[in-house]
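Subject: Structure for you to look at

Hello,

Here is the structure I promised to pass on. My notes on it follow below.

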Amino acid sequence: MTSPQSDSASQPPQGHSHGHTHRHGPAAPVSRHLRKVIAAVLIPFATAVVVGLIAFWPGGVPDHERTGVGFDRQTQDGTVVQVDKVDCADVNAAQVPPTGDTSTPSGREAVNEQKGECAKATVEVTSGDDKGRRFVEVVQPDAPRQLKEGQGVVVAYAPDAPRDLQYSVTDVDRKVPMALLAGIFALAVVVVGRLRGVMALVALVVSFAVLTLFILPAILQGSNPLVVAVIGASAIMLAALYMCHGVTARTSVAVIGTLISLLLIGLLGSLFIGWANLSGNTDDNTGLIHGLYPDIDMSGLLLAGVIIGSLGVLDDVTVTQTSAVWELHQADPDMGWKGLYRAGIRIGRDHIASVVNTLVLAYAGAALPLLLLFSIAQSSVGTVANSELVAEEIVRTLVGSIGLVASVPVTTALAALVVSADRPGTGGAPAATAVPVRTGRGRRRKKG
């Protein structure tokens with residue numbers, strides 16, 4: 001019995017020289033020496049992450065006075081109990097311009113609101129202190145969201161408004177279809193992934209817990225968004241990778257490769273966000289956040305989003321590259337680190353092409369309505385790219401893509417160095433059990 005890294009070199013030939021080997025089960029672990037080296041790198045890092053979590057733990061979201069604007073409104077559940085059709089002219093307060101001018105958007109809208117049949121919905125509040133209270137909501141015939149009897153809705157409450165205007169419908173209730181879709185997703189992951197799928201779901205829960213219990217409240221408390229994002233992303237990375245792929249040297253190499261790539265993304269993001277003068281305050285939502293919590297560094301919040309957004313794809317790339325190098329080493333234990341690196345990087349090139357395209361399309365899809373507005377305005381490409389809204393997405397995409405591209409050679413080189421520099425005979429796993437193999441002339445020989 002020999003260590004898995006040296007069995008082909010130390011075993012004397014048995015039988016014919018053209019004999020081959022069969023390997024069974026998972027890839028053999030590295031020696032005790034390399035496990036100690038990897039632990040010497042990762043244990044201080046994991047300790048620093050835990051210390052950072054403790055030091056920056058927010059203890060909850062800070063209170064603030066409700067503004068009643070946007071997402072900062074008090075909301076309750078409601079149900080549409082009755083819908084009647086009425087003449088829009090009888091229920092709309094909009095006034096047609098005295099001149100009858102319909103050349104402006106506001107004039108055309110006022111005229112349209114006086115035409116056709118509107119829906120007069122009676123809505124009952126089903127939660128909160130005013131449970132059972134009813135109010136009327138008028139829906140225009142061309143409104144994108146129409147109400148129907150029995151439909152669940154979300155209602156906003158404005159305590160300072162006149163009593164008849166305190167409640168209004170802001171959205172529909174989507175809890176049931178969203179919960180069903182989440183259940184189908186979880187079932188598919190478990191059926192296909194089995195135990196790995198279960199652990200992936202657990203890791204997903206942990207990731208959301210770190211995001212909602214640590215990262216978001218800590219930023220709202222006034223902590224540096226970049227520091228909080230690095231600590232939180234590191235905690236998510238450690239939990240997700242080790243829970244999904246096991247506590248092995250292979251996973252540890254992927255962790256180190258991911259960490260190096262995240263540091264590169266952080267440095268590049270910080271440089272170009274500052275150089276391009278990106279404030280991070282570009283729409284109503286970020287403006288509301290800055291108004292409620294003026295001490296938050298909005299550009300730092302933008303950088304934190306770049307780091308967290310890149311983490312999920314980075315995990316995929318680093319784990320794939322590490323596994324590829326490990327399998328190449330198992331197939332040919334005599335291959336040196338240069339050969340392993342060259343073979344691994346050939347695999348990585350295909351991964352780079354697909355992942356970068358995926359990331360760019362994901363950001364483009366998220367910004368599609370914004371791009372449509374620029375297209376409507378017939379703006380030039382230079383004008384569009386120079387606007388802060390689009391420039392944010394460009395910087396986010398390119399910085400994340402550079403980190404992804406860099407993660408392939410970095411992780412491949414690390415994995416190749418680890419497996420090729422392994423010291424045999426210092427605590428590796430026993431070699432695979434010998435199995436009889438038939439030769440072409442029907443004789444049986446034993447493979448060691």
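A residue counts as buried when its relative accessible area is under 20%. Please keep in mind that this is a predicted model. Phe135, with a relative accessible area of 8%, is therefore buried, and Tyr167 is buried too, at 7%. Of the 448 residues of the protein, 35% fall in the buried class.

The structure holds five aromatic pairs. In one of them, Trp57 and Phe214 are stacked, with 5.8 Å from centre to centre and 25 degrees between the planes. Trp57 sits in the loop between helix H2 and strand E1 while Phe214 belongs to helix H5, so this pair ties together parts that are 157 residues apart in sequence. Phe214 is buried at 1% relative accessible area, whereas Trp57 is partly exposed at 49%.

Phe135 and Tyr167 also form a stacked pair, 5.9 Å centre to centre with 20 degrees between the planes. Phe135 is in strand E3 and Tyr167 in strand E5, 32 residues apart. Together with Tyr157, Phe135 and Tyr167 make up one aromatic cluster.

On the fold: there are 13 helices and seven strands. Helix H13 (residues 388-420) has 33 residues and reaches 48 Å from its first C-alpha to its last. H13 bends by about 30 degrees at Ser407, and Pro409 follows within four residues. The unreviewed UniProt entry annotates several transmembrane regions, including residues 253-276 and 397-419. In the model, residues 253-276 are 96% helix, with end C-alpha atoms 34 Å apart; residues 397-419 are 100% helix, with end C-alpha atoms 33 Å apart.

Regards

Methods: Residues numbered from 1 in each chain as written. Predicted model: local features only at pLDDT ≥ 70, side-chain atom pairs only at ≥ 80, totals over all residues. Heavy atoms only, no water. Helix = DSSP H or I, 4+ residues; strand = E, 2+ residues; numbered from the N terminus. Expected span 1.5 Å × (residues − 1). Bend = angle between axes of the 7 residues up to and from the residue. UniProt positions renumbered as here; feature names shortened; annotations may be inferred. Buried < 20%, exposed > 50% of the residue type's maximum accessible area, 1.4 Å probe, protein only. Phe/Tyr/Trp six-rings, centres within 6.5 Å; stacked < 30°, edge-to-face > 60°.
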